[in-house]
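Hi,

Here is the structure I promised to pass along. Have a look at it first, and my notes on what turned up follow below.

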Amino acid sequence: MPADIERHRDRIAHVQVADAPGRGEPGTGTLPIREWVADLRAGGYAGQVALEYASDAVDPFAWLPRHERSGG
């Protein structure tokens, strides 16, 4: 993924994330999602990062600090 981010950085217009395995909340699986998003931001990506994961949690956003949330 880091090589793909670097190679296509100027063409990335939308980002959606879920962790693997199982399409869970970021931080519940094996993917370094925060690192990838930080790399995108460092390279100039200023768009939103959409969350597309399955969760049975009472608060499915508990993993995300309130100051990093936007929208609804």
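A search of the whole structure, which is a predicted model, finds five salt bridges. Here are some of them, with the surroundings of each side chain.

Glutamate 6 and arginine 9 pair up through their side chains, with 3.1 Å from N to O. Glutamate 6 is exposed, at a relative accessible area of 53%, whereas arginine 9 counts as partly exposed at 21%. These two also belong to a salt-bridge network that links Glu6, Arg9 and Asp39.

Another salt bridge joins the side chains of arginine 23 and glutamate 52, at 3.2 Å from N to O. This pair links distant parts of the chain: arginine 23 sits in the loop between E1 and H2, glutamate 52 in the segment after strand E2 (49-51), and the two are 29 residues apart. Both are partly exposed, with a relative accessible area of 44% for arginine 23 and 40% for glutamate 52.

Glutamate 68 and arginine 34 also meet in a salt bridge, at 3.1 Å from N to O. Here too distant parts of the chain are linked, since glutamate 68 is in the segment after E2 and arginine 34 in helix H2, 34 residues apart. Glutamate 68 is partly exposed at 40%, and arginine 34 is partly exposed at 46%.

Now for a charged residue without such a partner. Aspartate 19, in the loop between strand E1 (15-17) and helix H2 (33-42), is buried yet has no salt bridge. Which side chain of opposite charge is nearest to aspartate 19? That is arginine 34, 9.3 Å away; a salt bridge would need the nitrogen and the carboxyl oxygen within 4 Å. What the side chain of aspartate 19 does reach is the backbone nitrogen of threonine 28, at 3.3 Å. Leaving out residues up to four places away in sequence, aspartate 19 touches several others, including Gly24, Pro26, Thr28, Leu31 and Ile33.

As for the chain overall, there are two helices and two strands, following the pattern α-β-α-β along the sequence. The C-alpha atoms fill a box of roughly 40 × 25 × 15 Å along the principal axes, and buried residues make up 19% of the 72 residues. Among contacts with a separation of 6 or more, 58% are between residues 24 or more positions apart. The chain carries 8 positive and 11 negative side chains, and the centres of the two sets lie 4 Å apart.

Best wishes

Conventions
Residues are numbered from 1 along each chain as its sequence is written. This is a predicted model: local features need pLDDT of at least 70, side-chain atom pairs count only at pLDDT 80 or more; totals for chains, interfaces and linings use all residues. Side-chain values use heavy atoms; hydrogens and water are left out. Helices (H or I, at least four residues) and strands (E, at least two) are DSSP runs, numbered from the N terminus. Buried means under 20% relative accessible area, exposed over 50%, partly exposed in between (1.4 Å probe, protein chains only). Lys and Arg count as positive and Asp and Glu as negative; His and the chain ends are not counted. A polar contact is a pair of N or O atoms within 3.5 Å; within protein, one must be able to donate a hydrogen and the other to accept it, and residues adjacent in sequence count only if both atoms are side-chain atoms. Contact means heavy atoms within 4.5 Å. The place of a charge is taken as NZ of Lys, CZ of Arg, CG of Asp or CD of Glu.
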